[in-house]
Amino acid sequence: MFANGQTVIQYVEQLAPKSLAMEGDKIGLHVGTLQKSVKKVLVALDVLEEVVDEAIALGVDLIVAHHAVIYRPLKTLRTDLAAGRLYEKLLKHDIAVYTAHTNLDVARGGMNDWLAEAIGLTELEVLAETSRDVLKKLVVFVPVSHQEPVFQAISEAGAGWIGQYSHCSFQVEGTGTFLPLSGTNPFIGEQGRLERAAEVRIETILPASRQSAVVQAMKAAHPYEEVAYDIYPLDLPAEALGIGRLGKLPQPMTLRELAGLVKERFGLQGVRVVGKLDAVVQKVAVVGGDGNSFVGKAAFRGADVLLTGDIYYHTAHDAQADGLHLIDAGHNIEKIMKQKLADILQERCRAAGYETEVVASRVHTDPFQFV
């Protein structure tokens with residue numbers, strides 16, 4: 001059995017809820033329909049014609065991309081021009097395109113965390129806060145036999161995170177009672193007979209943005225027809241969400257050494273560097289994509305260097321004046337999301353018993369070269 005397109009996108013949005021996206025961002029379904037069976041998914045950074053040709057050759061039904069395929073309003077749809085030809089191929093081959101952009105950037109365990117982890121940053125913090133989630137408490141009662149599957153399901157869906165700790169919960173055993181009435185098909189017991197079952201009470205916290213995903217995962221893993229659970233609001237400081245990450249290298253190194261590390265980890269021909277190459281750095285800010293608007297924030301937060309892309313000439317001067325070093329590794333380092341997201345979606349499809357295959361695009365979409 002293959003997953004429905006909407007089911008695949010639910011897995012994307014469990015990681016990167018649409019509510020996290022910046023105002024005006026072009027996210028969501030751009031082309032086609034999700035109301036269909038999906039045999040193969042292609043995860044891509046950019047939806048160029050070469051990527052669409054790759055999708056056609058692979059027999060792909062759905063492309064999940066980071067950058068929007070429709071970014072500016074279309075004035076025409078001429079199939080004798082490059083843009084129109086791309087859309088014609090998508091429609092003729094019934095390939096849907098869904099975009100997760102700044103919501104994937106902001107998401108915990110998303111783009112900016114992947115970039116930071118790639119160069120070994122620790123003690124990660126959000127660089128530029130965009131919102132704060134609301135915390136809630138989940139309490140669910142589970143038969144002892146399904147304690148671990150339910151616990152793992154809700155944890156993987158986003159519950160139980162406290163700072164840099166995951167899978168946080170309190171669990172205690174007790175006795176649950178219920179009387180199955182007419183028309184029920186109880187997992188334990190029988191109709192018309194009061195049942196006492198050994199159960200576990202699992203308590204954990206969850207951000208409101210993850211509530212739907214956590215409850216869905218909980219119900220999928222729980223054996224009961226009617227799951228007994230409660231969700232309470234909490235009067236506690238919530239997790240900061242936002243663009244970029246700020247962290248520390250395991251050991252201080254020179255700007256030159258860090259630039260070499262970035263080239264190695266992201267498979268680059270070269271990077272642009274602003275600052276003294278022999279300067280020692282340790283506190284690093286990371287922003288995937290165009291990071292020009294975060295230079296001031298990185299300097300204010302005490303970063304030694306900002307790793308990002310698309311830096312403007314005068315912005316580089318501003319960074320120099322603030323004493324902030326820059327490594328412009330290009331917009332294309334976001335290609336890290338292709339394999340990372342493909343692995344997550346593949347794992348979730350398999351866990352749900354779907355035969356849907358998820359692959360990362362192999363097309364190189366960086367238009368720049370070093371000569």
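The axes of helix α5 (residues 111–118) and helix α11 come within 10 Å of each other and cross at roughly 115°, where axes are lines fitted to C-alpha atoms over the stretch in contact and angles run from 0 to 180 degrees between N-to-C directions. That angle makes α5 roughly perpendicular to α11, a term used for angles of 65 to 115 degrees. The contact (heavy atoms within 4.5 Å) is made by M111, W114, L115 and A118 of α5 and by I336, M337, K340, L341 and I344 of α11. By class, it has eight nonpolar residues, no polar residues and one charged residue; Ala, Val, Leu, Ile, Met, Phe, Trp, Tyr, Cys and Pro count as nonpolar, Asp, Glu, Lys and Arg as charged, and the others, Gly among them, as polar.

The model is predicted, and its local features need pLDDT of at least 70, side-chain atom pairs count only at pLDDT 80 or more, and totals for chains, interfaces and linings use all residues. Residues are numbered from 1 along each chain as its sequence is written, and side-chain values use heavy atoms, with hydrogens and water left out.

Helix α11 itself comprises 16 residues (336–351), which at 1.5 Å a residue should span 22 Å; its end C-alpha atoms are 23 Å apart, which agrees. The expected span is 1.5 Å times one less than the number of residues. Among the buried residues of α11 are I336, M337, L341 and I344, buried meaning under 20% relative accessible area with a 1.4 Å probe, protein chains only. Just after α11, G353 takes a positive phi of about 85°.

In the chain, buried residues make up 50% of the 371 residues.

Key:
Helices (H or I, at least four residues) and strands (E, at least two) are DSSP runs, numbered from the N terminus. Angles under 35 degrees count as roughly parallel, over 145 as roughly antiparallel, 65 to 115 as roughly perpendicular and the rest as oblique.
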